[in-house]
Amino acid sequence: MIATVTCNPSLDYHMRLTGALKVGTLNRADETTIRVGGKGINVTQVLTNLGVPNMAYGFVAGKTGQMLCSMIEEAGLPFTPIPVGRGSTRINAKIHGLRETEINGDGPTIGQSEVSMLVEKLAALQKGDTVVLSGSLAPGLSPSWYGALLEELTGKGIRFVVDATGQSLTGTLCCRPFLIKPNAKELGDLFDVEIKTVEDAAHYGKRLVEMGARYVLVSRGGDGAVLVGPKGDYWSSSAPQGMVVDTIGSGDSMVAGFLYGFAHGKEAEVEALRWGTACGSASAFCDHLAGRSEIEAVLGRVRVTRW
């Protein structure tokens, strides 16, 4: 069983423009859609598309929270909402022109009672289950909150996956997460360097392994990804060629693909990286999160190299 946690889910309002976004004047969208947003929920969507049993947990509030729950139910996704009695689930604007522009709102402030409710739900997880913590923290939660949550669950034999930035990520390393997934920029920001090559990603990924992570998966956009293992060995993948439509959710798709591949491959690391890269790329080639057929269509074009 895989549980995903989204502290700050959203309704994402996507607007597509024919040309570039013009600042300071009127812009008219050629197409608009509303989607459910939140990194953990994205992971749940792709896991569900791959047929993997899972459950998403997320804090929801107000009328926008009600709409989010309705949309998740209509999509057939497994979801356990944690209700917040004040504020509203946030709305984010995603503008797709010549370049992608995002404007993210604030969510409701999370109190101790809501945190306790989430911890109580997660306490039912058993040895061998996995918890995926993804995305930004909601107002009211300190940067150390992810680490504190994992400490609550440590000792039960649960695997931890963390896709976060800065202190929210490093604060979990003492709990020895099974996987962390920074992108190249986020990895560079942790060490105040620029990640340009496979070797750069591997070098600083090894630093994170030494600090407590078991696996470090570094997404590199069109340059593929690098996976660093527990012994410091590493693998790289090529990104399949295709027309990029929407990169939002690609990293989350990679996390889902990694977990699927790790569980289904004879060579766990190779298959995890191959499926992770395929899922991330397939979602980038769609205006939605990729389904299994779309993932399998690019899977054969992913090449994995062990260094």
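Contact here means heavy atoms within 4.5 Å. All views show a predicted model.

**View 1. Helix H7 and the elements around its buried residues.** Val-198, Ala-201, Ala-202, Tyr-204, Gly-205, Leu-208 and Val-209 are the buried residues of H7. Their packing partners are helix H6 (184-191) and strands E10 (179-180), E11 (215-219), E12 (225-228) and E13 (234-237).

**View 2. Packing of helix H8 against helix H9.** The angle between H8 (residues 250-264) and H9 (residues 268-284) is about 150°, and their axes are 7 Å apart. Because angles over 145 degrees count as roughly antiparallel, the two helices are described in that way. Their crossing is right-handed. Among the H8 residues in the contact are Met-254, Phe-258, Tyr-260 and Phe-262, while H9 contributes residues including Glu-271, Leu-273, Trp-275 and Cys-279. By class, the residues of this contact are 10 nonpolar, 8 polar and 1 charged.

**View 3. Packing of helix H9 against helix H10.** H9 and H10 (residues 292-299) pack at about 115°, with an axis separation of 8 Å. This crossing, too, is right-handed. From H9, Arg-274, Trp-275, Ala-278, Cys-279 and Ala-282 meet Arg-292, Glu-294, Ile-295, Glu-296, Val-298 and Leu-299 of H10. The contact comprises 7 nonpolar and 4 charged residues, with no polar ones. Trp-275 and Cys-279 of H9 take part in the contact with H8 and also in the contact with H10.

Terms used: Residues are numbered from 1 along each chain as its sequence is written. This is a predicted model: local features need pLDDT of at least 70, side-chain atom pairs count only at pLDDT 80 or more; totals for chains, interfaces and linings use all residues. Side-chain values use heavy atoms; hydrogens and water are left out. Buried means under 20% relative accessible area, exposed over 50%, partly exposed in between (1.4 Å probe, protein chains only). Helices (H or I, at least four residues) and strands (E, at least two) are DSSP runs, numbered from the N terminus. Axes are lines fitted to C-alpha atoms, for helices over the stretch in contact, and angles run from 0 to 180 degrees between N-to-C directions. Angles under 35 degrees count as roughly parallel, over 145 as roughly antiparallel, 65 to 115 as roughly perpendicular and the rest as oblique. A crossing is left-handed if the near helix is turned anticlockwise from the far one by less than a right angle, and right-handed if clockwise. Ala, Val, Leu, Ile, Met, Phe, Trp, Tyr, Cys and Pro count as nonpolar, Asp, Glu, Lys and Arg as charged, and the others, Gly among them, as polar.
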